[in-house]
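Have the sequence and the 3D view open as you read.

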Amino acid sequence: MLNWDSSEEDKELKKVGMELMFLTPEKYANDEGITAVELAKLVELPLDTVKKKLKILSDAQIVRVRGINPKYWKFDEYKFQRMHEDDPVYRHLCSFDDVDFDRYFSY
């Protein structure tokens, strides 16, 4: 099981996870997915922080990575829907209380 040290880290993981979850192809330059650098700019977090959060999401098997240099990341909806409800990453990403959905959708 994954442990997080602080609520601030939780917010960062959620920010990266939610951005990938609702990412549309228009937001990244390559059909394979988004690079960590592009994602860091979107979520306005340091690149090292984004890479750490991507590693957590990758270990949970809900993001796919392609390529070596650069790596392209994509959210895996299929595996996310099949995660156990007690998984800490799943519970964390499904907590929508403080999520501003206007960031991801235009009405």
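## Ground rules

This is a predicted model, so local features need pLDDT of at least 70 and side-chain atom pairs count only at pLDDT 80 or more, while totals for chains, interfaces and linings use all residues. Residues are numbered from 1 along each chain as its sequence is written, and side-chain values use heavy atoms, with hydrogens and water left out.

## The hairpin

Strands β1 (residues 63-66) and β2 (residues 72-75) run antiparallel, joined by 4 bridges. Strands here are DSSP runs of E with at least two residues, helices are H or I runs with at least four, and both are numbered from the N terminus; two strands pair if DSSP finds at least two bridges between them.

Val63 has Phe75 as its bridge partner in β2. The hairpin has 5 residues between its strands, and Gly67 in the turn shows a positive phi of about 85°.

## Leu20

Leu20 sits in helix α1 (residues 7-21). At 3% relative accessibility it counts as buried (under 20% relative accessible area; exposed is over 50%, partly exposed in between, with a 1.4 Å probe and protein chains only).

Beyond neighbours within four places in sequence, Leu20 is in contact (heavy atoms within 4.5 Å) with residues including Val63, Trp73 and Phe75. The C-alpha atoms of Leu20 and Trp73 are 8.2 Å apart, across 53 residues of chain.

## Aromatic rings

Rings of Phe, Tyr and Trp (its six-membered ring) pair if their centres lie within 6.5 Å; planes under 30 degrees apart are stacked, over 60 edge-to-face, the rest tilted. That gives 2 aromatic pairs. Phe80 and Tyr90 make a tilted one, 5.2 Å centre to centre with 35° between the planes. Phe80 is in helix α4 (residues 77-81) and Tyr90 in helix α5 (residues 88-93), so the pair ties together parts 10 residues apart in sequence. Both Phe80 and Tyr90 are buried.
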